[in-house]
Amino acid sequence: MTAPAIAQPATARRKEGFSTFEIFVFTLVIALLTIAVFGPFLAPDSIYNSDIANSLMPPSATNWFGTDDQGRDVFWRLIVGAQTTLLSAFLVVTLYSLIGVTLATVAAAGPRWLDEGLMRITDIGLALPGMIVALGFAAAMGASLRSAIIAMAITGWPITARMLRGIMRQTMEQPFVAGAQVLGVSKWRLMTKHVLPNSLDVLIVKWAGDIGTTVLVLASLSFIGVGAQPPSAEWGATIAAARGYVSTAWWTVVAPGAAVAITSIAFGLLGDIIQVRRDPSLRGN
Amino acid sequence: MLAFRAYSWFLSRRLGLTLLTLWGLASLVFLMIKLMPGDEAQMAAGADASAAQIEAVRERLGLDAPVIMQYLGFLGRLLRGDLGTSIVTLQPVLADLEKVLPSTLELVVIAMLLNLAVAIPAGIVAAYRQGGVFDTTSRITAVMLGGMPAFWLALVLQYVLGSVWRVVPISGQQGYGMNSPVVTGAPTLDALIAGNFAGFFDTLHHIVLPAAVLAALFATQIFRTLRAALLGVLRSDFIMAVRAKGATARHMLVRHALPNSLNPVLTLSGAQAGAMIGSAVLVETVFARQGIGAYMFNAVAQKDAFAVLGSVMFIGTVVCLVNLIVDILQLLVDPRIRAAQLGSQGQ
């Protein structure tokens, strides 16, 4: 049985195809991901060793972005750092999304008191300055990239939990959920197989933007000194290490900061694009 | 009478949330202390404490008692204002932080004024001329600024404006010999109180770049929010009526469109006030300003664990209290928020 052909309104049909801007953002994100995956295999071994004779050399044909205080090539360290930075950001967003999904599901499915309790805890999480609490956790566990990732995962979930729980409550009002209940589907199966998959849209929209923000916070924590430690090529740690050379060798600071900015902006724009595509009424805003 | 009951109901609910949040914060900080590797008494006493000193600290903090008793003892000490002792300054953390808090608040207040002074006019013009040159350039600027790490923007501008062009001082909060007697702890206010106008302009000269960097991050959010809200209002029927009666563009924007778009901006700027205090840690250190952020940064650098965690507790508390004050102010200022908050009492 084939569905009858329904005339699509002109605006809906025009949605096919991507604008130049969208293609630009996609290319940028794909390029960043490619660098993150393959970069470390391509980098010359010399970037792991110091070469003091060549320290703080300005950008040239051999060292595109110059060299740092240890004489290491800034460009190749950025490429290697891309993996550390992006992998950490993905890990953080995945971990706190998992926490958020779990709490939202329990809150939406559970009895009223449990829902109330979890949402008050979420209120507390939303009211506290996330970066400061993450800084505290990372400092307490011992400053390292691992500590920073765990700290950001345990402080990042409240917005996800709050949004998802709201959406799941709405989904539970849908007729198909009532239908499944009538058929005698267990609560667990109802939530995991019917309600959750139909509510995850909001996370897909949020995902890319979250990566962009996480890259920024991670760099900030490393800069403060509770994240990745030197000689890590993570971008925030690189900026922190180069900080003292800004007046003699600006490229050592400018390059890693620009890398953070480009990555954060690219993923932020990707998030905006996904959001507008999902909800075209936002177009132009 | 009814209004009074509605107010007190709102206030008690809001205060309840604040107390709950502070308790949550305290519990998180306790958890952080317990997560620290190594001997807690050793950490609190400092690396070169003698065995007897460590035992004295263990005794004082009750570290031999069960964890639940330690937790209660910790909450009790917090209630008495004991945030622990810094092993670097050898002072109570609270005393250290109270000294530098006015400096941070000064930075945040000036940053907030700059933020609104730039973002609101920009948002109005961008929305009024949607798709125009200004709209496009300011949107691109907002996206770029929003993605830049604050501390990096601070470092780059400090280098360009401070070292290369020399239009602003590189760091610090006042020039040599410009200081006024400390009354409030906020350099600009102290200079005014002392009637030291040269010193006042000197402190403003020192604060303009740090405040601008802090403002830039938050201005992008205000800009985007106001622009989106205005675009919605400008499309509505009553604006067409205002235009039809022959109002000037200025009158239409300022008297009709803007007041109807400010609600989300007010809410957002309220949340920003608290968030700015947290972000000050990134800006203060780059410009070598005093403040709670710089204190925390130094504590991290010197592995002064209790000073770091005391700062977390302190900054979190300040943020909660600022949010509380902002919420109450909004309630008093904005009739719509008042209606929404107080109206929900009947349900």
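This is a predicted model: local features need pLDDT of at least 70, side-chain atom pairs count only at pLDDT 80 or more; totals for chains, interfaces and linings use all residues.
The C-alpha trace of chain A spans about 75 × 50 × 35 Å along its principal axes, and 45% of its 285 residues count as buried.

An unreviewed UniProt entry places the feature "domain: ABC transmembrane type-1" at residues 82-271 of chain A. In the model, this span is 80% helix and 0% strand, and its end C-alpha atoms lie 19 Å apart.

Between the two chains, 39 residues of chain A are in contact with 43 residues of chain B. The elements of chain A that give two or more residues to the side touching chain B are helix H4 (112-127), helix H5 (130-141), helix H10 (201-224) and helix H12 (251-278). By residue type, this side of chain A divides into 26 nonpolar, ten polar and three charged residues.

Within chain B, Val322(B) is found in helix H14, which covers residues 305-333. Val322(B) counts as partly exposed because it has 19 C-beta neighbours inside 10 Å, whereas a residue is buried if 20 or more other C-beta atoms lie within that distance. When neighbours within four places in sequence are left aside, Val322(B) is in contact with Ala273(B), Gly274(B) and Ile277(B).

Methods
Residues are numbered from 1 along each chain as its sequence is written. Chains are lettered from A and ligands numbered from 1 in the order in which they are written. Two residues are in contact if their C-beta atoms, placed from the backbone, lie within 7 Å. Helices (H or I, at least four residues) and strands (E, at least two) are DSSP runs, numbered from the N terminus. Ala, Val, Leu, Ile, Met, Phe, Trp, Tyr, Cys and Pro count as nonpolar, Asp, Glu, Lys and Arg as charged, and the others, Gly among them, as polar. UniProt positions are given in the numbering used here, feature names are shortened, and annotations may be inferred rather than shown by experiment. A residue is buried if 20 or more other C-beta atoms lie within 10 Å of its own, exposed if 12 or fewer, and partly exposed in between; C-beta atoms are placed from the backbone.
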